[in-house]
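The sequence and the model are shown here for reference.

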Amino acid sequence: MKEIYLDNAATTPVLPQVVEAIIDCLKNDYGNPSSMHRLGIQAEKRVREAKGRLSSLLRCTEDEIIFTSGGTEANNMAVLGTAYDKKRRGRHCITTEIEHPSVLQAFAHLEEQGYEVSYLPVDQNGVISLDHLKSLIRPDTILVSIMHVNNETGSIQPIRQIGAMLKAGPGKPVFHVDAIQSLGKLPVYPAQWGIDLLSASGHKIHAPKGIGALYIRRGVRIQPILFGGNQQGGIRSGTENIPGIVGMGEGAKWMAERLAEEGGCLAQLKSRLLQGILQAFPDAVINGSADACASHIINVGFPGLRGEILLHALEEEGVYVSTGSACSSRDKRFSHVLKAMGLNDRILEGSIRLSTSYLTTMQDIEEFLPRLTRTVQRIERFTRR
Amino acid sequence: MGDRIYLDHAATTYTKPEVLEEMLPYFTKQYGNPSSVHSFGRESRKAMDLARERTAKALNANPNDIFFTGSGTEADNWAVKGAALANRKKGNHIITTTIEHHAVLHTCNYLEQNGFDVTYLPVDEYGIVDAEQVRNAITDQTILVSVMTANNEIGTIQPIKEIGAITREKGVLFHTDAVQAIGSVPIDVDDMNIDLLSLAAHKFYGPKGIGALYIRKGVKAQQMLHGGAQERNRRAGTENLPAIVGLGKAIEMAALDIPGHNARLEALRNRLITGILSTVEHARLNGHPEKRLSGNVNFCFEFIEGEALLLSLDIKGIAGSSGSACTSGTLDPSHVLLAIGLPHEIAHGSLRLTLGEQNTQEEIDYVLEVLPQLVQRLREMSPLFNQQKGGQIFV
């Protein structure tokens, strides 16, 4: 049976050309970019190349890119690094209720240290209100951190408008955007959109795990959270992960090409998925409106079913999905994102997340739909309450 | 002998083919997120568990006490900052040495800015810390001692077991940065009474971008990265699975035959040291003649700039370093060489050559053929050398 992987929001397979580039690095260009000899210089060159590729996807300059050990470190760095740097100016930050744990937990850590954090609610589509955000801004607000695309529902925040509003308003708090789920799938251009800091992750764009990046607008200052050899201009100490960096550059290059050429294909997959699911299960609920959500993430609730049972039953059919984010799927609480959208427990319990990538084909979806129908019917026979 | 000779293994090593082999399936086939509950994720988790067991075995530790990080720097930061902040109620005094890696020293500076007192113990002319000085520096406020297992620049191996015995007796936490030591110095966290230990895979033929911190059960260390519940809720971030698998394989291989590895490298190292001492005058070996890493050679050549020598060697196809890679971009003399008592002008003229498993005697002999000529040529251009020619010999 052909396996169908619909958990691309958790992680994506690494592209063959990315693996090639990584192997080449591990075998041949294994220098430490801080070394002065040829191998070191060669490694340094490969870092610059990768920065170039990522910066052309983001339409920023190369020197605005810092590499990290992953999206979590990038988010931690942005939130903690800004708060520590601006603490004399103020100690108030604004974020949303539906951020990734790597943002929410960083803010929780700041609260323990006397910072004040306002959490913006979202509507039933998972979207914040610009007016509400505006009303929360105070003279001592130093940071606004809002994700672009939510990892569980795919809901899109009006980042461009937020950026414009913050840049036009008083105080001009630093604006951080967690773009880990949107990078390469939706346009996001920090330099033009008024974004000061933007987090990215390699393994969501077909590059390896263990590599991420932070865009830092020129002139924006943050405190480092790792101390040591002062690599990457002193902002992030630690020997650069060259294979990871090169892999991320290759991934970014491929995503930029796909975004330019076939941005519409994800939308086609989504509309076929939605149509197929709602046809087979008229009482299924799409969490988040189709218009307000990105094309590669669909969160669907089957009232009366349990998401986890559905997940495992689908697995027997060779289909891989998720009940929420991978990060929280080991902890038993309900999704904080779906809760923030005001869903009732019946839907909360029966929700699964389907996430596609540019590697997902229409054929995959056509094969998936009957397997889903079969699986749900099989479970319903036992568990329908 | 290849067209270039790599003698900078302390900066970073290549990844062994066997290690790479084990990593590859985790990029394209078994790419699941280890936190996912489906079988893709569960398979990933199994691979991670194996890597954790291999790492634990190499340190004689419990697998539950191994936590993977994004680098050696992160492991050092986490150990020092995490242990200090989590134990602040017990005291605010930390003891370390003047020759630690900057990942430890700069973290200590950060802690000083945040109300901690840090004692930087001096070292002797060989770069060795006196365990009794550690004992004498401990006060009722001391919560943490951090001493590296082996130094990255001059290769000096510290009396870790003695220090561990003292910290255990005094009830103080003991962290050791073993980034350079893995594969050369046998580690037993129980026997050596180590509470926290940092390591990085790319120093022992594993990939870059992955490190680990050993945290003894019951030792409190405040979290560094906040977010998901990975690494038993102590280190957030999607696990870097291929690299973790690579670290596991690499450390297993590195721990397999430490005496054999050391014997091979020591033979080459001693040939290089003896050869340099007998062909280059005004050359000083930095670090201890015996208590040093099997692959480490560090010399000062009076009257010349380390950088100039490095570039000349590079042209001849020999890759070395003038200090640690991290600081080689700066013009400050090495803090380690200053700590062992070298004056500024001599500390500038240092050369570090660090050997690895693939180096051959032929390569060493080529270095011994080329190096004296290069030193001689650079000295002939040096006004300092011409002034002092015939003067006192510095060794």
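**Salt bridges, helices and the interface**

Glu366(A) and Arg272(A) form a salt bridge in which the closest N and O atoms are 2.7 Å apart. Glu366(A) belongs to helix H12 (residues 362-383) of chain A and Arg272(A) to helix H8 (residues 242-280) of chain A, so this pair ties together parts that are 94 residues apart in sequence. Glu366(A) counts as partly exposed because its relative accessibility is 32%. Arg272(A), at 22% relative accessibility, likewise counts as partly exposed. The model is a predicted one, and over all chains it holds 37 salt bridges.

Lys46(B) forms a salt bridge with Glu43(B), with 3.4 Å between the closest N and O atoms. Both residues, Lys46(B) and Glu43(B), lie in helix H3 of chain B, three residues apart, which is about one turn of the helix. Lys46(B) is exposed, its relative accessible area being 54%, whereas Glu43(B), with a relative accessible area of 38%, is partly exposed.

Helix H3 of chain B also contains Arg52(B), whose side chain meets that of Glu231(B) in a salt bridge (2.9 Å, N to O). Glu231(B) is placed in helix H8 (residues 230-233) of chain B, so the pair ties together parts that are 179 residues apart in sequence.

The phi angle of Arg232(B) is near 50°, a positive value in a residue other than glycine. Arg232(B) is partly exposed, with a relative accessible area of 38%. A positive phi, near 80°, is also found at Phe303(B), again a residue other than glycine. Phe303(B) is located in the loop between strand S10 (296-301) and H11 of chain B. At 11% relative accessibility, Phe303(B) counts as buried.

Helix H14 (residues 361-380) of chain B comprises 20 residues. From its first C-alpha to its last, H14 of chain B reaches 29 Å, close to the 28 Å expected at 1.5 Å a residue. Which residues of H14(B) are buried? They are Glu363(B), Ile364(B), Val367(B), Leu368(B), Val370(B), Leu371(B), Pro372(B), Leu374(B), Val375(B), Leu378(B) and Arg379(B).

In chain A, Leu104(A) lies in helix H4 (residues 101-112). Leu104(A) counts as buried because its relative accessibility is 18%, and the threshold for that class is under 20%. Leaving aside residues up to four places away in sequence, Leu104(A) touches Thr96(A), Glu97(A), Glu99(A), Tyr119(A) and His336(A). Between Leu104(A) and Asn75(A) there are 9.6 Å in space, C-alpha to C-alpha, although the two are 29 residues apart in sequence.

The description now turns to the interface. The contact takes 65 residues from chain B and 60 residues from chain A. Between them the two chains, B and A, bury about 5300 Å², of which 61% is on carbon and sulfur atoms. Tyr31(B), Lys208(B) and His226(B) supply 13% of the area that chain B buries against chain A, more than any other three residues.

How many salt bridges are counted between chain B and chain A? The count is two. Asp314(B) forms a salt bridge with Arg38(A), the closest N and O atoms lying 3.7 Å apart. Across the interface of chain B and chain A there are also 15 residue pairs in polar contact, with both residues at pLDDT 80 or more. On the side of chain B that touches chain A, at least two residues each come from helices H1 (17-23), H2 (25-28), H3 (39-59), H4 (72-86), H5 (102-113) and H11 (306-315) of chain B. By class, that side of chain B has 25 nonpolar, 29 polar and eleven charged residues.

Notes:
Residues are numbered from 1 along each chain as its sequence is written. Chains are lettered from A and ligands numbered from 1 in the order in which they are written. This is a predicted model: local features need pLDDT of at least 70, side-chain atom pairs count only at pLDDT 80 or more; totals for chains, interfaces and linings use all residues. Side-chain values use heavy atoms; hydrogens and water are left out. Contact means heavy atoms within 4.5 Å. Buried area is the accessible area (1.4 Å probe) that two parts lose on being put together, summed over both. A salt bridge is a side-chain nitrogen of Lys or Arg within 4 Å of a carboxyl oxygen of Asp or Glu. A polar contact is a pair of N or O atoms within 3.5 Å; within protein, one must be able to donate a hydrogen and the other to accept it, and residues adjacent in sequence count only if both atoms are side-chain atoms. Helices (H or I, at least four residues) and strands (E, at least two) are DSSP runs, numbered from the N terminus. Ala, Val, Leu, Ile, Met, Phe, Trp, Tyr, Cys and Pro count as nonpolar, Asp, Glu, Lys and Arg as charged, and the others, Gly among them, as polar. The expected span of a helix is 1.5 Å times one less than its number of residues. Buried means under 20% relative accessible area, exposed over 50%, partly exposed in between (1.4 Å probe, protein chains only).
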